[in-house]
Amino acid sequence: MAVSREPIQKEPVRLAIEGQDLELPVLEGSEGEVAIDISELRKKSGVITLDEGFVNTGSTTSAITFLDGEKGVLRYRGYPIEELAKHCDFIEICYLLIYGDLPNAEQASCFRSSIREHTLIHEEMRSFYNGFPRDAHPMAILSSVVGALSTFYQDSLDPSDPRQVEVSTHRLLAKLPTIAAYSYKKSNGQPFMYPLNKLDYCENFLQMMFATPTEPYEVDPDFADALRLLLIVHADHEQNCSTSTVRMVGSSNANLFASISAGISALWGPLHGGANEACVSMLEEIVADGGNVQKYVDMAKDKNSTFRLMGFGHRVYKNFDPRAKIIKATCDRLLAKLQLDDPLFEVAQKLEEAALKDEYFVKRKLYPNVDFYSGVIYRALGIPVQMFTVLFAIGRLPGWIAHWHEMHQSPGKRIYRPRQVYTGQTEREFVPLDQR
Ligand code: CMC
C-alpha cells in the first residue's frame, strides 16, 4: 500500500519584517525537500511573497511524482520510471497514478474492462467535427471536444460524488484517444474509424489513426510498444504548467472534463508541450539547408544569436533526462528496423553526436531531452507533426486526473487564488468623455 506521509516539522525560521519578529514553520517532505510554510504570513504580517513564474513556490504537497533534476531521478508513486517502462503497460500506469498503487490482476482486469466499455464517443459528438475547419489544429479540437463531454455526460459532473468522479475518470481515459484520432481523420478527410475493443490501448489508437475501411490494417507491435513507452514517460511530471492549470481550474469545483480541457489548452503552448514539434521543424530546416549540422551547433553557441538547439537542455534535469535515456534505445531500434529513406533521421543522429562531444554543450550539461527523441520517434511512426502535442496530452492525462483527485481529497483544499503586487495607477479623478 502506497503511503502519503505528513511532512516533518523542522526548526522554524525567523523573519524580521515591518518591525515584527515572525516565526515561520519549516516542513520537510519524504525525499528531503525543505519548504518554509508561509500560509499564515499575510494574516500575521500583512505582507505577501512575490515569485514570478512560481520558481520558488510549492503550490501544494503531493504524493504522486518525485523528480530530482540533479540526479536524473523520476518516480511515479515511488517506483522508478525505468522499472515502470520495462514492465508495465499504459493502463497499469494510469491505475498507479490515479489510485496510488499498482493494480493486482483482478483490479487490472476490472479497470481494463471499464476503460474498454467507454471507448466510443456519443454519435452526436461526431457531428461536432463537421463544424471545425479542415485545417484546425488538433489541439484546438481536442480541448473543445473534451470540454463538450460535460454537455453529453451530465450524469458524471459532480466533483463531490466519488462514483461520478470515477465514471468521468474512466470515460476520459477511454475517449481521449478516440477524440484525438478523429481530429487527425478530420484533417486528412478520411472516414473516422470506430475503436476496436479487442485491441489494447496503444494498438487501438494506432488503428483509429491509420486504418481505413477499405484495407485491412495490422498494428506493428514495435509501433505499439514505442507508443506505450512514450505515453508512460509523459504520464506525469509533478506541478508543471498544464497540471497546475488542471488543479487551478478544479479548485473552483469545476467538473473533471472542464478542468482537463483547460489543461489541454495549457499544454498546447510551444513553451510546454510544443517543444517536440519545434524540434522536428528545426531538423527539417537543417535538412532543407543542406544538412550542415555543424552550422547549427555553431549558431546555438553564438551569443549574438538567439537560436537554440531544440530538444537539448532542460530546466530541471541538469545531468540527463531519465525519460530521454529510456526512449533513446527505442528510437535507435525503430530507426534501425525501419531503415526509412528520410534524411531527417541522419541529421538527427549527426546532431546528437556533434552536440554530445561539443565542449559548449558538455560544460553546460545540455543533453538531448525527451522531446528530441520523442519527436524523432513520432516521425518514424508516421505521426504528423501537428499531432505530437496531442500524443503528449494522451500520455499526460492520467497525471492530470491524479492531481485533480489529490487536490479534491486534500483536507486543506481551498480555491486557488494568488495575490499580486499592484503597480498600476493610484486613485485618480474620473474625466467625462467630452473632456478627454
Ligand atoms: N541550445 C543552446 N544553448 C542552450 C540551450 C540550447 N538548447 N539550452 C540552454 N543553453 C545555454 C544557455 O544559452 C545558457 O548559456 P550561458 O550559461 O552561456 O548563458 C545555459 O545553456 C543555461 O541555459 P538556461 O537558459 O539558463 O537554461 P534553462 O534551464 O532556463 O532552460 C530550456 C531550459 C529547456 C528552456 C533550454 O535548455 C532550452 O531552451 N532548450 C531548447 C528547448 C527545448 O528543448 N525544450 C524542451 C525541454 S523538455 C520539456 C519537458 O520536460 O516537458
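A polar contact is a pair of N or O atoms within 3.5 Å; within protein, one must be able to donate a hydrogen and the other to accept it, and residues adjacent in sequence count only if both atoms are side-chain atoms. This is a predicted model, where local features need pLDDT of at least 70, side-chain atom pairs count only at pLDDT 80 or more, and totals for chains, interfaces and linings use all residues. Residues are numbered from 1 along each chain as its sequence is written, and side-chain values use heavy atoms, without hydrogens and water.

Start at the ligand. A polar side-chain atom of Tyr-360 sits 3.1 Å from a ligand nitrogen atom. Lys-303 places a polar side-chain atom 2.9 Å from an oxygen atom of the ligand. Arg-308 also has a polar side-chain atom 2.9 Å from a ligand oxygen. On its own, the ligand has 950 Å² of accessible area (Shrake-Rupley method, 1.4 Å probe). The protein covers 70% of that area.

Now widen the view. The ligand is surrounded by 18 residues (a heavy atom within 4 Å). Leu-309, Gly-311, Phe-312, His-314 and Arg-323 are the closest.
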